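Hi everyone, thanks for making time this morning. I'd like to walk you through one model, so let me put it up on the screen.

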Amino acid sequence: MRKKIVAGNWKMNNTLDEAVYLVEEIISKVKQSEVVKIIIPPFPFLESLNRKVGEVVSFHLGAQNCSSLPHGAYTGEVSAKMLHSVGCQYVLVGHSERRAYFNETNEDLVLKLREALAHQLKPIFCIGESLDQREGGFYFEVIKSQMAEVLSHFSASEFINIIIAYEPIWAIGTGLTATTQQAQEMHQYIRTEVASIFSEEIAQQTSILYGGSCNAKNAHDLFACKDVDGGLIGGASLNADDFCAITASF
Ligand code: PEP
């Protein structure tokens, strides 16, 4: 049985006080369950929030990014080793906002995944097509190359620690969600690609999350899809009631 996972990507939102308040509210309201809940706040709040989520069963902490470099004179960078040292267990790699606004290439992502895995972080590797690519009808090819160009650099024993998040760019922060049919079709395709890069057995163990305007209203239908193992949630993760409702949507 694959794990059910809900991860909240807070992006660049909240002050420290607001972040602590939000996480306390989430912890007090959430229904106990086996669902893996990952809180992904901005870097400066990680250590304080680790003191909160580190104590609660099934809650974990993640970071929104890590450096492709191990250490040294790289002003402004945050290494995977540093993230591990403040209690992170997960890290987003290749979020479309980082690919688009910070020019992250597939080569960078290979290095970031290597750093994360070397420091016991479980990467959540994000892939997804743009609106033009969807409308042009070549979205499967886009996903295939995003996967092949990065994942083929890893062995099966490395890959089993990686979670995949399918996030169609046209659905992120837009209020446009993939239909259950679009989500299931792409998740099934991604699982087939994992099988062809690694093996069918590994594909069946891989958690594939959906992200893109997933909210308390649509999560239940999306999570009911056979190949959707949970969600990577942006906007709706900033509201405790919505985030808790999403974690209870399986
Ligand atoms: C995201 O940025 O990962 C995301 C899914 O955002 P939203 O839920 O706001 O579309």
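Before we look at anything, one term: I call a residue buried when its relative accessible area is under 20%, and exposed when that area is over 50%. Keep in mind, too, that this is a predicted model.

With that cut-off in hand, let's begin at helix α9. This helix covers residues 180-197, which is 18 residues. From first C-alpha to last, α9 reaches 26 Å, close to the 26 Å expected at 1.5 Å a residue. Which residues of α9 are buried? They are Ala183, Gln184, Met186, His187, Tyr189, Ile190, Arg191, Glu193, Val194 and Ala195. Do notice that Arg191 and Glu193 are among them.

Now compare that with helix α1, residues 16-29. Here we have 14 residues reaching 20 Å, close to the 20 Å expected. The buried residues of α1 are Ala19, Val20, Leu22, Val23 and Ile26. Why do these sit on the same side of α1? Because they cover an arc of only 165° around the axis. Turned away from the buried side of α1, we find the exposed residues Asp17, Tyr21 and Ser28.

Let me stay with Ala19 for a moment. Ala19 belongs to α1, and its relative accessible area is 0%, so it is buried. Pro42 is 23 residues away from Ala19 in sequence, and the two C-alpha atoms are 9.2 Å apart in space.

On to the ligand. Around it there are 15 residues, and those that come nearest are Lys11, His95, Glu167, Gly173 and Ser213. By class, this shell has 4 nonpolar, 8 polar and 3 charged residues. Ser213 takes part through its backbone, with a polar atom 2.8 Å from an oxygen of the ligand. Gly234 also uses a backbone N or O atom, 2.8 Å from a ligand oxygen. As for cover, the ligand on its own has 290 Å² of accessible area, and the protein covers 95% of that.

As a reminder, most residues other than glycine have a negative phi. Asn14 is not a glycine, yet its phi is positive, at about 80°. You will find Asn14 in the loop between β1 (5-9) and α1. Is Asn14 buried, exposed or partly exposed? At 30% relative accessibility, Asn14 counts as partly exposed. Gln120 is another residue other than glycine with a positive phi, near 60°. Its place is the loop between α5 (106-118) and β5 (122-127), and at 54% relative accessibility Gln120 counts as exposed.

One last stop, further along the chain. Ser249 sits in the segment after α12 (240-247). Is Ser249 buried or exposed? With a relative accessible area of 6%, Ser249 is buried. Where does its side chain go? The side chain of Ser249 reaches the backbone oxygen of Ala245, at 2.8 Å.

That's the tour, and I'm happy to go back to any part of it.

Methods:
Residues numbered from 1 in each chain as written. Predicted model: local features only at pLDDT ≥ 70, side-chain atom pairs only at ≥ 80, totals over all residues. Heavy atoms only, no water. Near = heavy atom within 4 Å. Polar contact = N/O pair within 3.5 Å; in protein donor to acceptor, adjacent residues only side chain to side chain. Areas by Shrake-Rupley, 256 points an atom, 1.4 Å probe, with all protein chains shown as cover. Nonpolar A, V, L, I, M, F, W, Y, C, P; charged D, E, K, R; others polar. Helix = DSSP H or I, 4+ residues; strand = E, 2+ residues; numbered from the N terminus. Expected span 1.5 Å × (residues − 1). Buried < 20%, exposed > 50% of the residue type's maximum accessible area, 1.4 Å probe, protein only. Arc of directions from axis to C-beta.
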